[in-house]
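Please view the sequence and the structure together.

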Amino acid sequence: MATEVVKACISRGIPVAPTAFCGPGKEGQLTITEGDTSVEVTCVRGPAEDSEPAVCDEALQSLLGRFPGLVCVDYTHPSAVAHNVDCYTRNRAPFVLGTTGGSLEDIKALVARRGPSAVVAPNMGKQLVAMQAALEYIADRFPGAFSGYELRVAESHQSSKADTSGTAKAVTASLAALAAVDPAVAAQGIAQVRDEEGQLAFGVPPRALGGHAFHTYELSTGRAAGGDSVQFVLQHNVCGRRVYAEGTADAAVFLAQRLAADARGCEGRVFSMVDVLEAGGMK
């Protein structure tokens, strides 16, 4: 995912810093090419329980000094979120976090205490953000409109995704409000597909097995005695990662511009992708 974000930035003329944090065993040089442009990135071991914080702090402080307006972009394993956010806030580095699995409340607390600011969202795809916002609005205006309907949710992602889709959880919360069911129970019932056989049965093209996000939500009534039934189905299926990378670039530009225009007003704030959308920061 990080590579796709770099490509999106290159295509839009956004400078890319030459250093990136990575997991164990991933250290080294990386060449990323988009069109006729290539950038060299040095991958260094990122924050972790068994890593030396001073090494990461030194690397990040060096980048902040060399690149005014630097914004960190984080796509990592859920288990690394807390360590990374601790590092960013400890060094007062603004960041965009697209990794799901971390505690949003803990992240907000750290940013509020240390600063400076961040954009955090379980989904960076601008069109999907708009859809989620619409569903939240409907759920807020018409709670219980689908009372008595059964809610079923299934999502399929590449096998490397460890956690349940954050988008699925967010959309399920809105649909649960419409169906008047416990959102926690509804979230627990999300079917997670990660095996190849299940992914293909879900409709994922073979070419997209390594990178996709397929979601299906169903609200339906049981078949009544007279044979009547009602079914509503919502689907959003993404092959590849570019839609998320483009939205991430939007978020990074939004955060950099907000900090440049009003650093004091942004201090301690955690923005969402809805904030980016409302600001017209989607290109």
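A residue is called buried under 20% relative accessible area, exposed over 50%, and partly exposed in between, with a 1.4 Å probe and protein chains only. The model is predicted: local features need pLDDT of at least 70, side-chain atom pairs count only at pLDDT 80 or more, and totals for chains, interfaces and linings use all residues. Residues are numbered from 1 along each chain as its sequence is written, and side-chain values use heavy atoms, without hydrogens and water.

In H5, the buried residues are Lys-126, Leu-128, Val-129, Met-131, Gln-132, Leu-135 and Ala-139. Helices are DSSP runs (H or I) of at least four residues, and strands are runs (E) of at least two, numbered from the N terminus. The cover over the buried residues of H5 includes helix H6 (166-179) and strand E10 (231-239).

H5 and H6 pack with their axes 8 Å apart, at an angle of about 20°. Axes are lines fitted to C-alpha atoms over the stretch in contact, with angles from 0 to 180 degrees between N-to-C directions. The two helices H5 and H6 are therefore roughly parallel, a term for angles under 35 degrees.

**Cysteines**

A disulfide is a pair of cysteine sulfur atoms within 2.5 Å. By this rule there are zero disulfides.

Terms used. Contact = heavy atoms within 4.5 Å. Parallel < 35°, antiparallel > 145°, perpendicular 65-115°, else oblique.
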